[in-house]
Amino acid sequence: MQSFPDDLVQAQQEWSATYRRLAERPGHTELRRRLYRLSAQLYFHPHWRRRRPSPAPWWAPRDPEGPDGHMSERLHP
């Protein structure tokens, strides 16, 4: 398993929590702005500097314990 920087994992966890909150309360500008900022922070994180990853490495920081069965099937048909 690849290790990820703590700040990258933290940002991904914040992104996921913000996304869930926005899904519960659509239309909240503050949550959309936060999601946008976190998305940029994740995409441009120095960890990805060498090469943009395929979908599997992008998913890994969201669930450090490993993807669930459904996501695994989607990433590796």
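How do α1 and α2 lie relative to each other, roughly parallel or roughly antiparallel? The structure is a predicted model, so local features were taken only at pLDDT of at least 70 and side-chain atom pairs only at pLDDT 80 or more, while totals for chains, interfaces and linings use all residues. Residues are numbered from 1 along each chain as its sequence is written, and side-chain values rest on heavy atoms, with hydrogens and water left out.

First, the overall layout. The protein chain has 4 helices and 0 strands, and from the N terminus on its elements simply run α-α-α-α. Here helices (H or I, at least four residues) and strands (E, at least two) are DSSP runs, numbered from the N terminus. Of the 77 residues in the protein chain, 25% count as buried; buried means under 20% relative accessible area, exposed over 50%, and partly exposed in between, with a 1.4 Å probe and protein chains only.

Back to the opening pair. Helices α1 and α2 pack at an angle of about 155 degrees, and their axes are 9 Å apart. The axes are lines fitted to C-alpha atoms, for helices over the stretch in contact, and the angles run from 0 to 180 degrees between N-to-C directions. α1 and α2 are therefore roughly antiparallel to each other (angles under 35 degrees count as roughly parallel, over 145 as roughly antiparallel, 65 to 115 as roughly perpendicular and the rest as oblique).

Asp7, in helix α1, is 34 residues from Gln41 in sequence and 9.9 Å from it in space. Arg32, which sits in helix α2, is 14 residues from Thr18 in sequence, with 8.4 Å between them in space. Asp7 is partly exposed at a relative accessible area of 44%, and Arg32 is partly exposed too, at 42%.

Helix α2 itself covers residues 29–43, and its 15 residues should span 21 Å at 1.5 Å a residue; the end C-alpha atoms are 21 Å apart, which agrees. (The expected span is 1.5 Å times one less than the number of residues.) Its buried residues are Leu31, Leu35, Leu38 and Leu42. Seen down the axis of α2, these buried residues fall within an arc of 70 degrees, so they line one face of the helix; the arc is that of the directions from the helix axis to the C-beta atoms. An α-helix has 3.6 residues a turn, so residues three or four places apart point the same way. On the other side of α2, Glu30, Arg33, Tyr36 and Arg37 are exposed.

Now for the rings. Rings of Phe, Tyr and Trp (its six-membered ring) pair if their centres lie within 6.5 Å, with planes under 30 degrees apart counted as stacked, over 60 as edge-to-face and the rest as tilted. By this rule there are 2 aromatic pairs. Trp15 and Tyr19 make a stacked pair, 5.2 Å centre to centre with 15 degrees between the planes. Both lie in helix α1 (residues 6–24), 4 residues apart, or about one turn of the helix. Trp15 counts as buried because its relative accessibility is 16%, whereas Tyr19, at 46%, is partly exposed. The other pair is Tyr43 with Phe44: the ring centres are 4.9 Å apart and the planes stand at 85 degrees, so the pair is edge-to-face. Tyr43 is partly exposed at 40% relative accessibility, and Phe44 is exposed at 60%.
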